[in-house]
Amino acid sequence: MIFPLLVQYLTGNYYKSAEWQAFGMAFQGALALRNGRNKDLTMSSFHAFALSTVIAFGGGWMGFIWLGKPTSMITGGDVTWPVLIFSFMLSHCTPSDIGCKLGNFLPVTMAVTSLAQLFRSLGMIKFITTAFMELKDNPSPYYPTPIIGPVLYGTMLGNMGSFMVKGFDGHLEKGMPWPFQNGTYIYLFLFECAPICTVVLSLNYHHSPLYIYLLLPFHVQFKSNQYNTQH
Amino acid sequence: MGTLFHLYVHDEDGIGGQYLRSIVHFYLGEEPLGLDDRTFAVVFVSLFMQVTGILQLPAFYGPSFSPYTSLYEALASVTKKQEVFDDDLVKKDRSISAPKVTMASTNGGSNGVVAAEPATETAAKKKRNRKKNSKAKTS
């Protein structure tokens, strides 16, 4: 009973799914601004609103430009912009600051985070699929499927907002940001390579993706041979 | 997660995607959890991101939490201690047998070339000089 509902939620197959996800992202971005830089409401309203759009939809602003397509802020603007305005009003302009207080109430925060994470995960999948469709007919001579390009494109989705707000050094100077980790780490981590990864990455985990991609073909070849000999 | 999804769903001919699907099919059957491959990958990626997103809230582990780096950092702290230990050993070795470095230019050398001279030799020279001096005084 619960599992089909969970699958429906996690795949975004429910009523007004896109609108709810966009609201989660927009409200999370507006709340981040309200609890951080604009805590004392000292920023001008338009500046604060524009910044909240970049914090929430940095990937939507800039992502599709990489493949020469109109950004989702333009193609999906009829959903995104009303949601952004509503979220900004809710977090900044409610009497007695009730919208902000409601947003910082833990169950509401968890629900908003869940919607925003769903937007991110499905957005990353959509970006990777879009890039793969563009590149699938032109693989490199070394592998039958374009791998790093589509993954990089999907990974950049979650990093665009931080790049725009913090700048290149500001986003990267403290080590590998979470969206980069999430885009590149998981394969070896999940599939029995955690010990190798751990040892290699512990040497210098700032350079870990390079090591992962160097290790990947050897590990896959080894495991595939092992599997074929066992069966 | 992006790499996992991409390999699992899109890499039909490559060895990476074949390997991933074969492992999942081996453990969970041809239709893992009753879902097709693409839906299974979407559910897995979304569920993972849901859990990590909730754990990264300030009320739980905070935004710096990462299930990946927590393991690496734990091991890195161990290797770091080992490095410090090794450095200490190297320092001790140097204090025992490191050659004393003198500037050749101060002894009439050219271009500031650094010349290494063993510490034991200088001590022996000093002893010889002292002996010579004492002999000269007595004579």
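Helices (H or I, at least four residues) and strands (E, at least two) are DSSP runs, numbered from the N terminus.

## Basis of the model

This is a predicted model, in which local features need pLDDT of at least 70, side-chain atom pairs count only at pLDDT 80 or more, and totals for chains, interfaces and linings use all residues. Residues are numbered from 1 along each chain as its sequence is written, chains are lettered from A and ligands numbered from 1 in the order in which they are written, and side-chain values use heavy atoms, with hydrogens and water left out.

## Confidence

The model scores ipTM 0.76 and pTM 0.70. The pLDDT is the predictor's confidence in each residue, from 0 to 100. For chain B its average is 72, and 55% of the residues score at least 70.

Among the elements of chain B, helix 3 of chain B has the highest mean pLDDT (91) and strand 2 (residues 114-117) of chain B the lowest (44). Over residues 100-117 of chain B, pLDDT stays under 50. For these residues the model has 21 contacts (heavy atoms within 4.5 Å) beyond four places in sequence.

## A nonpolar surface patch

A nonpolar patch on the surface includes A:Met1, A:Phe3, B:Phe26 and B:Leu47, and has about 1,200 Å² of accessible area together. Its elements with two or more residues are helix 1 (2-10) of chain A, and helix 2 (15-28) and helix 3 (37-55) of chain B. Helix 1 of chain A gives the largest share, four residues.

Patches are made of residues with over 30% relative accessible area and no salt bridge, with like charges joined within 9 Å and nonpolar side chains (Val, Leu, Ile, Met, Phe, Trp, Tyr) within 5 Å. A salt bridge is a side-chain nitrogen of Lys or Arg within 4 Å of a carboxyl oxygen of Asp or Glu. Accessible areas come from the Shrake-Rupley method with a 1.4 Å probe; for residues, only the protein chains shown count as cover.

B:Phe26 lies in helix 2 of chain B and is partly exposed at 42% relative accessibility. Buried means under 20% relative accessible area, exposed over 50%, and partly exposed in between (1.4 Å probe, protein chains only).

## Loop residues of chain A

A:Leu41, in the loop between helix 2 (17-35) and helix 3 (45-62) of chain A, has a positive phi of about 55° although it is not a glycine. A:Leu41 is partly exposed, at 44%. A:Ser96 lies in the loop between helix 5 (77-92) and helix 6 (98-103) of chain A; its phi is near 60°, and A:Ser96 is exposed, at 64%.
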